[in-house]
Amino acid sequence: MSEDIFITEERIEGADDGPLAGRTVAVKDNISTEGVRTTCGSRMLEDYVPPYDATVVSRLKEAGATIVGKANMDEFGMGTTTETSYFGATDNPAAPGHVPGGSSGGSAAAVAAGEADLALGSDTGGSVRCPAAFCGVVGIKPTYGLVSRYGLVAYGNSLEQIGPFGETVEEAAELLDVIAGSDERDATTREAPRASDGRTSDARETREAPLEADETYADAATGDVDGLSIGVPTELLEGADEGVVETFWDAIADLEDRGAEYHEVSLPSVEHAVEAYYVIAMSEASSNLARFDGVRYGQSGGYDGNWNETFAKAREEGFGDEVKRRILLGTYALSAGYHDKYYEKAQDARAWVKQDFDDALAEADVLASPTMPVPPFELGESLEDPLQLYLADANTVPVNLADLPAISVPAGETDGLPVGLQLIGPAFGERRLIRAASALA
């Protein structure tokens, strides 16, 4: 199985002791590792070896973890199936013959197959939660800014976060404890509010005590959901596969049996979330990937006397079809005459999404939905229909637009295929999500 999970299987040993001593971790191949190839699943960076570690990798080493390989991924994080990788597709260990989800499919597959105890992925629009759901493992998308992005090869700066995978919620939370926290090399990072600093907790005081200075995220994995209020956005159930919806409600019933209660809420803005997300993400991708021109980064097209043709050749040969598609669409959305029509309207829609989530979370402790509206696709099933793949992100991309945390936990199966339950919380509400999700996994 490892040959289609890992792009590079070079081991990186951590410290002799620490909270993750003796634990193995797979790292998505868009996270920089000093001296070890970081390809982003692309021919463009096939031979790129970073001269430095990402902050999360440094923290893994300090915590005593052993990195066992760089995990396969959709090229530059652009995909939902891990089939756009230049190095080939990854099979799903939990559902052979089906995709593991994307873009962090190799990371989720490594945990599901037992090739690694834990894994790191990155989530721009669901790229941790989708493969977690498809592979039947746990994946956490942290609040934007909780985890440093220093050393993460950028796709969509304002959307993406590095997040952990584990077999259980507690294990994923243990990894989050190691990688979370501010970083002077990433100005967007922030510390989670704690009781000791005098700031307001992320939770409403009537429902959750402030985070104490010495309390960890793993400590929250108590499974205690007595009195938990769950909001179910009706819009995130519309159009979902019937078996997925049935499995979702079974999981909600399990939470009810443990003392939680649910009610329906509305997020009217999510009708436009997918369109807004792809305009913003592709625009940021167009800008971020401009550096891969065969001169600054990436494989050279071979200078033949014309720099424009040299750059064009390097990008033509170095990028796959999906990356080219997103660069072209992003460039178009940012071009003169269309910036106001597309990009600015997408940002307006993003603000609307954020407001809707704030309103819904004023009525509930957490929100719940199926992580993905469909079970895992068969390998090769959806490659010719990119629109189908974009629409499959309908339940995950709104969370990234709103900068909120979310977690995907196994909810059960439909026709033998894994189904994930997504829980969404307020900013820096990871502890609340971990406590609720640990009742199921």
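## Helix α6: a covered helix

Helix α6 is mostly covered, with 14 of its 16 residues buried. The model is predicted. From first C-alpha to last, α6 reaches 22 Å, close to the 22 Å expected at 1.5 Å a residue.

## α6 against α9

Helix α6 covers residues 273–288, and helix α9 covers residues 339–361. Their axes come within 9 Å and cross at roughly 125°. That angle makes α6 oblique to α9. The crossing of α6 past α9 is left-handed.

Which residues of α6 meet α9? They are Ala-273, Ala-276, Val-279, Ile-280, Ser-283 and Glu-284. On the α9 side stand Tyr-342, Tyr-343, Ala-346, Gln-347, Ala-349, Arg-350 and Val-353. By class, the contact of α6 with α9 has nine nonpolar, two polar and two charged residues.

## α6 against α8

Helix α8 spans residues 321–334. Its axis lies 7 Å from that of α6, and the packing angle is about 100°. Roughly perpendicular is the class, because angles of 65 to 115 degrees count as such.

From α6, the contact uses Tyr-278, Val-279, Met-282, Ser-283 and Ser-286. From α8 come Arg-326, Ile-327, Leu-329, Gly-330, Thr-331, Ala-333 and Leu-334. Seven nonpolar, four polar and one charged residues make up this contact of α6 with α8. Val-279 and Ser-283 are named in the α8 contact and also in the α9 contact.

## Helix α5 and its cover

Helix α5 runs over residues 242–257. It has 16 residues and reaches 23 Å from its first C-alpha to its last. The expected span is 22 Å at 1.5 Å a residue, and the model is close to that.

Buried residues in α5 are Gly-243, Val-244, Val-245, Thr-247, Phe-248, Ala-251, Ile-252 and Leu-255. What covers them? The cover includes strands β7 (229–233), β8 (261–265), β9 (366–370), β10 (406–414) and β11 (417–424). Helix α12 (430–437) is also included.

## Tyr-52 and Thr-55

Tyr-52 sits in the loop between β2 (24–28) and α1. Thr-55 is in helix α1 itself, residues 55–62. Tyr-52 counts as partly exposed, at 29% relative accessibility.

Neighbours within four places in sequence are left aside in both contact lists. Thr-55 then touches Ser-148, Tyr-150, Asp-183 and Arg-185. Tyr-52 touches Ser-32, Thr-33, Glu-34, Tyr-150 and Gly-151. Tyr-52 and Asp-403 are 351 residues apart along the chain, and their C-alpha atoms are separated by 28 Å.

## Backbone exceptions

Most residues other than glycine have a negative phi, and most peptide bonds are trans.

Ser-103 lies in the loop between β3 (66–71) and α2 (105–112). Phe-76 is found in the loop between β3 and α2. At 4% relative accessibility, Phe-76 counts as buried.

Where is Asp-415? Asp-415 lies in the loop between β10 and β11. Asp-415 is exposed, with a relative accessible area of 79%.

Key
Residues numbered from 1 in each chain as written. Predicted model: local features only at pLDDT ≥ 70, side-chain atom pairs only at ≥ 80, totals over all residues. Heavy atoms only, no water. Axes fitted to C-alpha atoms, helices over the stretch in contact; angles between N-to-C directions. Helix = DSSP H or I, 4+ residues; strand = E, 2+ residues; numbered from the N terminus. Parallel < 35°, antiparallel > 145°, perpendicular 65-115°, else oblique. Left-handed = near helix turned anticlockwise from the far one by under 90°. Contact = heavy atoms within 4.5 Å. Nonpolar A, V, L, I, M, F, W, Y, C, P; charged D, E, K, R; others polar. Expected span 1.5 Å × (residues − 1). Buried < 20%, exposed > 50% of the residue type's maximum accessible area, 1.4 Å probe, protein only.
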